[in-house]
Amino acid sequence: MRIRELFDKKTVFSFEVFPPKKTSSIDVIYNTLEQLRDLSPDFISVTYSAGGSGNGHLSCEIASKIKDEYGITPMIHLPCINYDKAEISAVLDEIKSRGIENILALRGDINPDIEPKNDFRNADELVRFIKSKGDFDIAGACYPECHADSDSLVEDILNLRKKVDAGVDHLISQLFFDNSAFYEFREKAAIAGINVPIEAGIMPVVNKNQIERMVSTCGASLPQKFVKIMQRYEHNPEALRDAGIAYAVNQIVDLVANGVDGIHLYTMNNAYVAAKISEAVSGIIGA
């Protein structure tokens with residue numbers, strides 16, 4: 001199933017998972033997927049490890065299992081900054097051989113300990129290369145509050161237009177906690193001629209360390225309402241988890257009411273949280 005086709009039929013609801021750390025068993029992710037399967041997402045994306053240390057073969061293996069054993073459409077992340085054309089070609093060959101049709105094309109995070117390769121400097125170059133190698137459905141990333149390497153949101157959106165013009169079929173946003181930032185971004189993207197579907201990336205925050213780490217890496221702003229929740233419940237893990245779930249549900253309800261193309265839930269491999277949110281919004285997403 002090519003994911004782009006789903007947007008013509010419904011509000012898309014999808015999950016993201018990541019491969020386990022090298023010190024963990026592969027069964028960890030498969031146990032999570034067993035539980036996520038029952039939630040019937042439209043697709044599940046599988047990341048590479050951050051910073052260029054990812055194992056592409058393992059990601060392909062997990063994506064294959066999502067498709068063949070769990071009967072769910074997979075999408076595989078493909079970063080390019082630390083790979084040359086031969087390496088990307090090898091990954092594309094494996095993706096194709098496994099019958100996987102959907103790729104999230106990314107520049108990838110720059111790791112100060114790894115010298116970037118020069119074959120792909122930006123994601124639009126990767127998109128063109130993928131297009132030359134096969135008939136894949138290609139997603140791209142977008143940043144409602146501006147990519148950290150861009151000087152302004154206008155510059156960032158112009159760069160995003162390059163990705164779309166290169167062949168991106170739909171977009172998935174970085175996480176955000178203020179829906180108004182997403183609506184402003186969506187409006188500016190439309191003005192720039194970006195007319196592909198845009199899924200809103202939602203991360204339910206269930207612990208204080210998680211939010212501090214996420215904000216430091218992606219630069220998402222924190223609305224006062226969210227800050228008050230953190231301050232009120234930071235010393236009560238269960239209450240903070242439940243408040244984080246409720247906040248994410250409220251975001252999703254508002255986004256769907258305002259015509260969002262889809263919701264991409266960053267599950268952090270937490271099946272319990274994904275289940276609670278899915279149950280809360282199932283009637284809304286399907287309406």
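This is a predicted model: local features need pLDDT of at least 70, side-chain atom pairs count only at pLDDT 80 or more; totals for chains, interfaces and linings use all residues.
Visitor: At what angle do H5 and H6 pack?

Guide: About 55°, with the axes of H5 (residues 153-166) and H6 (residues 179-191) 10 Å apart. The two helices are therefore oblique to each other. Axes are lines fitted to C-alpha atoms over the stretch in contact, and angles run from 0 to 180 degrees between N-to-C directions. Helices (H or I, at least four residues) and strands (E, at least two) are DSSP runs, numbered from the N terminus.

Visitor: Which residues of H5 and H6 make the contact?

Guide: Leu153, Ile157 and Leu160 from H5, and Phe185, Lys188 and Ala189 from H6. Contact means heavy atoms within 4.5 Å. By class, this contact has 5 nonpolar, no polar and 1 charged residues. Ala, Val, Leu, Ile, Met, Phe, Trp, Tyr, Cys and Pro count as nonpolar, Asp, Glu, Lys and Arg as charged, and the others, Gly among them, as polar.

Visitor: Switching topic: how many salt bridges are there in the whole structure?

Guide: The search finds 15, each with a side-chain nitrogen of Lys or Arg within 4 Å of a carboxyl oxygen of Asp or Glu.

Visitor: What does Asp135 pair with?

Guide: Arg2, with the closest N and O atoms 3.5 Å apart. Asp135 sits in the loop between H4 (123-133) and S5 (137-142), and Arg2 in the segment before S1 (12-17), so the pair ties together parts 133 residues apart in sequence.

Visitor: And Arg98, what does its side chain meet?

Guide: Glu94, in a salt bridge of 3.0 Å, N to O. Arg98 is partly exposed at 25% relative accessibility, and Glu94 is buried at 19%. Buried means under 20% relative accessible area, exposed over 50%, partly exposed in between (1.4 Å probe, protein chains only).

Visitor: Last one: is Ile103 buried or exposed?

Guide: Buried, with a relative accessible area of 0%. Ile103 is in strand S4 (residues 102-106). Leaving aside neighbours within four places in sequence, its contacts include Met75, Leu92, Ile130 and Phe136. Ile103 and Phe136 are 33 residues apart in sequence and 7.0 Å apart in space, C-alpha to C-alpha.

Notes:
Residues are numbered from 1 along each chain as its sequence is written. Side-chain values use heavy atoms; hydrogens and water are left out. Angles under 35 degrees count as roughly parallel, over 145 as roughly antiparallel, 65 to 115 as roughly perpendicular and the rest as oblique.
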